[in-house]
Amino acid sequence: MITGSTPDWSSWFPLLGISRNASVPRLPGIYRVRRSDSEGLDYIGQTGRSLRERLGALSRCHAEEMPYRDPHTAAPALWALHHSTGCEFEASFAEFAGDSHARKGLESLAIGLYRQEFGASPTVQFGRVPKGYRASSQNNSRLIAAGARFRGGLYDGSPLTEHLVGAPPVGPLTPSAQSQSWCGHSWSEWVALSDARYRIPSNTVGLYRIRGDCDGALLYIGQGVLPNRPVAHLSKITKVGHAQGEMFAAQRRLEVSWVAAPNRLAHQLLELENDLIAAHVLHLNCAPAAQFKG
């Protein structure tokens with residue numbers, strides 16, 4: 001459960017050297033990053049461990065070489081911004097003692113509210129990278145063994161998907177999460193999740209929402225290729241100890257509603273999905289019950 005509609009943000013601190021800044025707590029929370037000369041944000045994130053450690057990982061964007069995508073996935077894109085403009089970054093944070101479900105819901109809300117105000121996501125949110133650069137790979141033993149790890153940097157090839165623009169919000173973050181006009185979309189009727197394979201046209205790319213016994217809240221919000229994605233949740237019911245599967249199994253009804261978005265890129269679908277989660281958090285004070293449960 002999330003109390004309060006917006007995070008209680010701290011003042012701004014320089015990102016460079018932030019891992020040594022005692023004013024930044026070693027506590028869970030959410031955080032935001034911007035260029036020092038800009039009002040707009042470049043990234044919003046969350047951590048269940050240490051804000052100081054997580055922001056310290058992001059500060060690797062000041063290194064001579066572009067960092068890998070881990071320990072922080074956004075570090076390569078911030079490196080590209082720093083490399084191309086010489087900008088400096090600053091960070092602000094909000095401590096949050098709630099569980100992972102509530103903390104990730106608060107992160108979605110922060111991103112959603114920002115998108116409503118600015119009409120776009122933070123610059124490098126959802127895997128986006130500035131034009132003229134290619135992000136590094138992750139850095140793990142599997143990639144190293146396969147010879148697939150690589151260091152990114154300047155890039156003059158054909159445009160990559162992560163260079164392309166994001167999707168503005170379709171509509172406001174409205175209440176009534178089960179209505180057919182929620183958040184400006186034209187949702188389908190509700191159908192039994194067990195019938196989705198026959199009711200949703202094959203290979204439909206879009207957004208979907210799943211409801212259970214509650215007539216106000218949702219169980220889950222998702223995106224991708226339909227009907228495969230929503231139907232896949234049913235298989236989790238049979239997995240012993242699966243948190244999401246247990247939630248689905250406890251419902252007397254499981255219904256799905258969807259909206260097609262055939263020309264959306266992967267990161268654009270993630271943006272629109274985030275808007276829906278943000279609206280749910282804003283008006284119902286929590287993310288859908290099975291969200292972020294795997």
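**Close-up 1. Aromatic pairs, with a look at Tyr31 and Tyr43.** In this predicted model, there are six aromatic pairs. One of them joins Tyr31 and Tyr43, whose ring centres sit 6.3 Å apart with 35° between the planes, which makes the pair tilted. It's a link between distant parts of the chain: Tyr31 belongs to strand β2, Tyr43 to strand β3 (residues 43-47), and 12 residues separate them. Tyr31 is buried, at 0% relative accessibility. Tyr43 is buried too, with a relative accessible area of 10%.

**Close-up 2. Arginines lying over tryptophan rings, Arg34 on Trp12 and Arg209 on Trp187.** Arg34 lies over the face of Trp12, 3.9 Å from the ring centre. Over at Trp187, the face of the ring has Arg209 above it, and here the distance to the ring centre is 4.3 Å.

**Close-up 3. The largest nonpolar core and a second, separate one.** The largest core is made of 31 residues. Ile44, Trp182, Trp187, Leu207, Leu218, Ile221 and Leu276 are the ones with the most contacts inside it. Helices α3 (100-118) and α8 (266-284) each put in at least two residues, and α8 is the top contributor, with seven.

**Close-up 4. Who touches Trp182.** Setting aside the neighbours within four places in sequence, Trp182 is in contact with Thr174, Pro175, Ser176 and Ala177, among others. Its contacts also include Trp187, Arg209, Leu218 and Ile221, plus Leu276, Ala279 and His280.

**Close-up 5. The buried face of helix α6 (residues 228-235).** Pro230, Val231 and His233 are the buried residues of this helix. Look down the axis of α6 and they fall within an arc of 140°, so they line one face.

**Close-up 6. Pro28 in its loop.** Pro28 lies between β1 (13-14) and β2 (29-35), and it's partly exposed, with a relative accessible area of 23%. Leaving out neighbours within four places in sequence, Pro28 is in contact with Thr47, Gly48, Arg49 and Leu51, along with Ala94, Glu95 and Phe96. Asp99 is 71 residues away from Pro28 in sequence, yet the two are 9.4 Å apart in space, C-alpha to C-alpha.

Note on methods:
Residues numbered from 1 in each chain as written. Predicted model: local features only at pLDDT ≥ 70, side-chain atom pairs only at ≥ 80, totals over all residues. Heavy atoms only, no water. Helix = DSSP H or I, 4+ residues; strand = E, 2+ residues; numbered from the N terminus. Buried < 20%, exposed > 50% of the residue type's maximum accessible area, 1.4 Å probe, protein only. Contact = heavy atoms within 4.5 Å. Core = buried A, V, L, I, M, F, W, Y, C linked by side-chain atoms within 4.5 Å. Arc of directions from axis to C-beta. Phe/Tyr/Trp six-rings, centres within 6.5 Å; stacked < 30°, edge-to-face > 60°. Lys NZ or Arg CZ within 6 Å of the ring centre and 35° of its normal.
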